Amino acid sequence: MESDTEMEDFDSSEEGSNWSDDSYLADEDFSFDYQEGVDPHEDALDWEEDSNESAGDTPPRVTPRKESQSESGVKCSDSPEEPWLPCKGSQSTRTSSVKTDEDEAPLLSTLQPDQQRSPSVNLSTKTYSPRKRVPASPSLKSKVPRLSTPRKTSHLPHRTTESDQPWKTEKHPDEGPQPLRFCPSRPPGPQVDPSAMYSPLDLFQMFFTKVTVRTLCDNTNRQAARNIGRGKKFKWIDITVKEFYKFIGLVFFTALVKTKAISDYWITNSIFSIPFPATVMNRDRYRIISWNIHMSDPDEDAVNDSKKGTPEYDRLFRLKPLMNDIRHACMSCFHPHRNLAVDERMVASKARNGLIEYIKSKPTKFGFKIFVLADSSNGYTVDYAVYIGKNTFPVGFGICHDSVMSLVRPSVLGAGYHVYLDNYFSSPKLFKDLFDMKMGACGTMREGRLGFPRSEENALTKKSPRGSLRWIREGSLLFVKWKDAREVSMGTTIHQAYGGETIKRKRKNKDGKWSHESIPVPTPILEYNKNMGGVDLSDQLITYFSAHRKTMKWYRTLFYHFVDIATTNSYIIHKDLCKVNKMQPMTHKEFTQALVAQLCEVSIETQSKPTNTGHTPVPIKPVADKSKRSSAGRKRCELCKKSGHSKDTPWKCNECGVPLCVIPDRNCFHDWHNLEGMAPVEYQSSDS
């Protein structure tokens with residue numbers, strides 16, 4: 001068995017190790033060459049478009065033509081759309097198109113008027129690129145994670161549309177959009193027999209099925225054989241499905257009982273010893289399994305690695321087998337309720353493999369970014385997608401738009417769902433496309449999004465009192481502005497502007513005293529605050545008893561996150577089943593404890609050691625012959641001997657082993673145990 005240092009050297013030798021904490025973020029990753037005679041407004045246009053490459057409301061970046069270029073346009077083809085079946089009786093169809101990779105750099109002559117970025121562009125004159133981007137050195141760029149948050153830019157007039165109608169207040173009635181008919185493809189809730197009783201292990205095995213675990217075992221055995229063939233020194237025995245479940249059970253045990261290091265769970269001869277892990281698996285076996293765990297076939301990994309630098313290279317190849325199995329299980333075991341939430345989730349990591357993102361506003365700022373679709377009512381993770389860059393989804397209308405359209409699929413969910421988003425995803429085009437698919441949307445929205453009204457008539461100002469609201473309706477899409485501590489902008493295709501709701505806020509009077517006042521609040525804001533926290537609730541449940549830990553390989557970090565998703569979803573299904581059967585569900589801690597016991601094939605309740613019967617008189621030598629019971633094995637009474645009398649007795653103390661008289665006129669047994677310093681002592685017989 002090799003030392004920990006040797007294994008660390010073996011693990012950190014591959015690309016993408018996840019053990020270093022010295023990665024940093026530089027202020028800028030590019031240098032620029034400035035040119036003279038360039039329109040400063042056009043310069044701002046080009047930089048704004050490039051800095052928001054992930055925004056879902058902008059067309060692909062336009063490369064200005066040089067004079068030597070041909071006037072012929074580039075043909076664009078539409079990629080096939082996902083099939084969608086509308087509700088029975090509905091005549092609407094999906095008409096939005098998705099652009100293909102050929103749209104990456106179209107000529108200006110082929111753009112439609114509404115796709116051109118500025119009406120001031122003159123096609124007959126020669127144009128120049130205002131800034132020429134020069135990538136930084138590869139050695140520096142590989143250490144700098146990408147910024148997921150857009151750079152701060154000023155609001156530009158060309159990115160919004162002027163509205164010909166003024167802003168309205170709460171005094172103007174708003175009829176609201178036509179309510180969508182809720183037609184889920186399956187009944188919402190757990191897709192299991194509600195009358196059956198499911199243990200925590202049964203629910204967990206709905207996600208980690210025996211087929212999935214057998215694939216993990218086969219790939220782990222191949223990876224261990226590959227490491228041994230490369231000269232790594234450790235003893236390996238092929239892992240089985242049964243042993244793998246026990247390994248997962250110990251992983252959850254470490255989530256319940258926290259220690260500083262993994263080796264602390266196997267400490268012996270100490271007051272801090274934890275005896276249970278050693279009864280399931282020895283320390284070296286547990287650590288070797290965790291070092292070699294692998295989700296994909298190592299032979300196919302080598303084939304995929306040979307394609308680096310080509311479009312055929314798959315950056316998530318090492319995750320695909322387990323990631324796809326868990327995704328399909330999440331969608332098949334539970335059908336979400338009407339209100340859904342889409343948000344970003346960060347899985348903490350500082351691996352150097354190009355997938356690490358930095359989001360300043362998140363509690364976990366460095367890590368893998370995952371787009372998550374969750375049920376707002378209970379936090380169930382319905383679907384997810386790991387972000388690998390702007391090519392995560394098919395090229396269409398930006399990563400923000402495409403991520404939502406890929407997660408919210410009518411062919412899987414049905415129609416009539418309400419999707420809640422934050423301002424990273426929200427855009428007028430996304431809301432309209434979702435409405436065309438018979439799905440409502442609501443969320444905060446940046447005023448710089450293309451299509452957001454820019455009317456100045458009756459608009460909010462800095463001096464507007466708290467509680468002021470303004471709204472503009474454009475068909476099914478409603479834009480709302482509300483003044484609370486600061487101005488908030490919303491968009492919705494579900495709600496009316498104002499339904500008479502109010503909330504209480506504290507206000508400081510002129511005399512310095514605080515008082516409560518009721519101010520009007522738009523209906524979309526109340527519903528947004530109520531239903532947007534689905535992903536946050538899921539993150540909270542995962543954090544309580546998370547299997548996440550520091551690993552030497554980046555893909556093992558996501559392996560433990562998939563385990564967390566499976567466990568949390570299992571617990572949510574358990575609560576829903578208990579609610580249907582009107583039973584008291586287990587707490588999250590009790591559920592995890594029961595799961596650990598069932599995975600490790602032990603009882604959660606241990607048998608206590610038999611206690612002694614205490615200080616009671618028993619015969620010194622039990623005999624079967626009744627005539628000899630009073631004299632067999634008689635010994636001298638210890639208390640009588642100390643007092644100078646020589647009396648024999650057939651009785652002794654069961655706890656102390658001391659011969660003592662037990663007769664009506666001489667109860668030495670009672671006196672012995674009530675004398676100071678006599679009871680209880682270890683008695684040494686003179687015969688021994």
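This tour moves through a predicted model from the whole chain to selected elements and residue pairs.

**The whole protein**

Begin with the entire chain in cartoon view. The 688 residues are 47% buried, and the secondary structure comprises 19 helices and 22 strands. Now display the surface, whose accessible area is about 36,200 Å², with 51% of it belonging to carbon and sulfur atoms. Of the contacts between residues at least 6 apart in sequence, 69% join residues at least 24 apart.

**The nonpolar cores**

Select Phe207, Phe559 and Phe562, the residues with the most contacts inside the largest nonpolar core, which has 112 residues. Helix α16 (residues 554-580) supplies the largest share of this core, 13 residues. Centre next on phenylalanine 562. Residues up to four places away in sequence aside, Phe562 touches Phe208, Met295, Leu319, Leu322, Met323, Ile326 and Tyr384. Another core, of 16 residues, lies apart from the largest one; Leu469, Trp482, Ile503 and Met532 are among its members.

**Strands β9 and β10**

Select residues 366-375 for strand β9, which runs antiparallel to β10 and is joined to it by 5 bridges. Strand β10 (residues 381-386) is largely enclosed by the rest of the structure, because 6 of its 6 residues are buried.

Glutamate 344 lies in strand β7 (residues 339-348), so its pairing with lysine 369 of β9 ties together parts that are 25 residues apart in sequence. Lysine 369 counts as buried at 1% relative accessibility, and glutamate 344 counts as buried at 7%.

**Other salt bridges**

The whole structure holds 19 salt bridges. Select glutamate 243 and arginine 285, whose side chains meet in one of 2.8 Å, N to O. Since glutamate 243 belongs to helix α6 (residues 241-256) and arginine 285 to helix α8 (residues 283-292), the pair ties together parts that are 42 residues apart in sequence. Both residues are buried.

Move to glutamate 517 and arginine 507, a salt bridge with its closest N and O atoms 3.1 Å apart. Glutamate 517 is in strand β18 (residues 514-520) and arginine 507 in strand β17 (residues 502-508). Here glutamate 517 is partly exposed at 24% relative accessibility, as is arginine 507 at 39%. Then select Asp301, Asp305 and Arg318, which are linked in a network of salt bridges.

**Helices α11 and α13**

Select helix α13, residues 428-436, in which Pro428, Leu430, Phe431, Asp433 and Leu434 are buried. Their cover includes α11 (399-407), β12 (418-421), β13 (440-444), β15 (477-483) and β16 (487-492). Just after α13, lysine 438 has a positive phi of about 65 degrees. In α11, select histidine 401. Histidine 401 is buried, at 4% relative accessibility, and its side chain makes a polar contact of 3.4 Å with that of aspartate 402.

**Lysine 589**

Finish at lysine 589 in helix α17 (residues 588-599). Lysine 589 is partly exposed, with a relative accessible area of 46%. Beyond its neighbours within four places in sequence, lysine 589 is in contact with Leu256 and Phe545. A C-alpha to C-alpha distance of 8.6 Å separates lysine 589 from tyrosine 544, 45 residues away in sequence.

Technical notes: Residues numbered from 1 in each chain as written. Predicted model: local features only at pLDDT ≥ 70, side-chain atom pairs only at ≥ 80, totals over all residues. Heavy atoms only, no water. Buried < 20%, exposed > 50% of the residue type's maximum accessible area, 1.4 Å probe, protein only. Helix = DSSP H or I, 4+ residues; strand = E, 2+ residues; numbered from the N terminus. Contact = heavy atoms within 4.5 Å. Areas by Shrake-Rupley, 256 points an atom, 1.4 Å probe, with all protein chains shown as cover. Polar contact = N/O pair within 3.5 Å; in protein donor to acceptor, adjacent residues only side chain to side chain. Pairing = 2+ DSSP bridges. Core = buried A, V, L, I, M, F, W, Y, C linked by side-chain atoms within 4.5 Å. Salt bridge = Lys/Arg side-chain N within 4 Å of Asp/Glu carboxyl O.
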